[in-house]
Amino acid sequence: MTSLMPNFLSRFFRPFTSTTKMSLGPAEGGVQNIPDTAQKCTVAAGCFWGVEHLFRKNFGEQGLYDARVGYIGGDVNNPGYRAVCTGRTGHAEALQMTFDPSTISYTTLLEFFYKMHDPTTKNRQGADTGTQYRSAIFYHSPEQERAAKEVTEKVQTQWWKGGKISTEILEAGTWWDAETYHQLYLDKNPGGYECPAHYVRSFPPLS
């Protein structure tokens, strides 16, 4: 049905399911053997379909071992998509990446994060509105927290001078994988919904 309707409308026909959560292994097509030196990067930037798609497209061959969509930042165990959509679980639709820090830096991933969405629209990306669509960085170490704050300060003064960045910087809590049909959604459904706020801006290098 998605391919037969205007792109922006397909968002409102995302399927609901009570399907049991998938396992914590890599998403479909992911790398099965991830080294112990790998690190995680967890971000939220609106509808997770487009966030995953853009990160995979730009870093899939550049040190990104795996990327999976899911829910984080809430206070309900094992949330499903239907519950998260109400905005009452406190979770954000998010992307958790596992990457090779010797090939790509955490800072590079965060800079791309600030290029591919609008961090100045609080709890909203495009027409998608609600706390589940908030902009956030969930750090996994004190080093990541420092990097997130440093990058955010730079992009505020150099890239997003026209508005105040609303991105939350929070310690990563419990991660819940989204349902199977959400993983690699736009690879499996090329005509599926893509948030109009999700595109890579042509910002100059940060100084």
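Here are some friendly notes on this predicted model, point by point.

1. **Overall layout.** The protein chain holds 6 helices and 8 strands. Read from the N terminus, its elements follow the order α-β-α-β-α-β-α-β-β-β-α-β-β-α. Of the 207 residues in the chain, 48% are buried. Among contacts with a separation of 6 or more, 81% are between residues 24 or more positions apart. As for the surface, the chain exposes about 10,000 Å², and carbon and sulfur atoms supply 52% of that area.

2. Six strands form an open sheet with mixed pairing, in the order 7-6-1-3-2-8. Which strands stand at the edges? They are strand 7 (168-171) and strand 8; each has a single partner strand, so one side of each is left without a neighbour in the sheet. Further in, strands 1 and 3 run antiparallel and are joined by 5 bridges.

3. **Helix 4 and its cover.** Helix 4 spans residues 106-116. Its buried residues are Y106, L109, L110, F112, F113, Y114 and M116. In an α-helix there are 3.6 residues a turn, so residues three or four places apart point the same way. Which elements cover the buried residues of helix 4? The cover includes strand 1 (39-45), helix 2 (48-59), strand 3 (92-99), strand 6 (135-139) and helix 5 (142-158).

4. **The nonpolar cores.** The largest nonpolar core has 44 residues, and F55, M97 and Y114 have the most contacts inside it. Helix 4 gives the most to this core, with 7 residues. Another core lies apart from it and has 7 residues, including A44, I72, A92 and F138. Leaving aside residues up to four places away in sequence, Y114 touches P119, I137, V151, T152, V155, W159, W160, I165, T167 and F203.

5. **Q96, a buried polar residue.** Q96 is in strand 3 and counts as buried, at 9% relative accessibility. What does the side chain of Q96 make a polar contact with? Its partner is the side chain of T42, at 2.9 Å. Beyond residues up to four places away in sequence, Q96 touches K40, C41, T42, D66, A67, R68, H140 and W175. Q96 and A44 are 52 residues apart in sequence, while their C-alpha atoms are 8.8 Å apart in space.

6. **R68 and its two aspartates.** R68, one of the residues that Q96 touches, lies in strand 2 (residues 64-72). Is R68 buried or exposed? R68 is buried, with a relative accessible area of 5%. The side chain of R68 makes a polar contact of 3.2 Å with that of D66. A polar contact of 2.8 Å joins the R68 side chain to the side chain of D177.

7. **Cysteines.** How many disulfides does a search of the whole structure find? The search finds 0. For C85, the closest cysteine sulfur is that of C47, and at 9.4 Å this is too far for a bond. C195 is in no disulfide either, since its nearest cysteine sulfur, again that of C47, is 7.1 Å away and a disulfide needs the two sulfurs within 2.5 Å. If you are thinking about where these residues sit, C85 is partly exposed, with a relative accessible area of 23%, whereas C195 is buried, at 2%.

8. **Two positive phi values.** Most residues other than glycine have a negative phi. N123 has a positive phi of about 55° although it is not a glycine. N123 is found in the loop between helix 4 and strand 4 (124-125), and it is partly exposed, with a relative accessible area of 23%. L184 is also not a glycine, and its phi is positive, near 55°. The loop that holds L184 runs between strand 8 (176-177) and helix 6 (185-188). L184 counts as buried, at 11% relative accessibility.

Definitions and conventions: Residues are numbered from 1 along each chain as its sequence is written. This is a predicted model: local features need pLDDT of at least 70, side-chain atom pairs count only at pLDDT 80 or more; totals for chains, interfaces and linings use all residues. Side-chain values use heavy atoms; hydrogens and water are left out. Helices (H or I, at least four residues) and strands (E, at least two) are DSSP runs, numbered from the N terminus. Buried means under 20% relative accessible area, exposed over 50%, partly exposed in between (1.4 Å probe, protein chains only). Contact means heavy atoms within 4.5 Å. A nonpolar core is a set of buried Ala, Val, Leu, Ile, Met, Phe, Trp, Tyr and Cys residues joined through side-chain atoms within 4.5 Å. A polar contact is a pair of N or O atoms within 3.5 Å; within protein, one must be able to donate a hydrogen and the other to accept it, and residues adjacent in sequence count only if both atoms are side-chain atoms. Accessible areas come from the Shrake-Rupley method with a 1.4 Å probe; for residues, only the protein chains shown count as cover. Two strands pair if DSSP finds at least two bridges between them.
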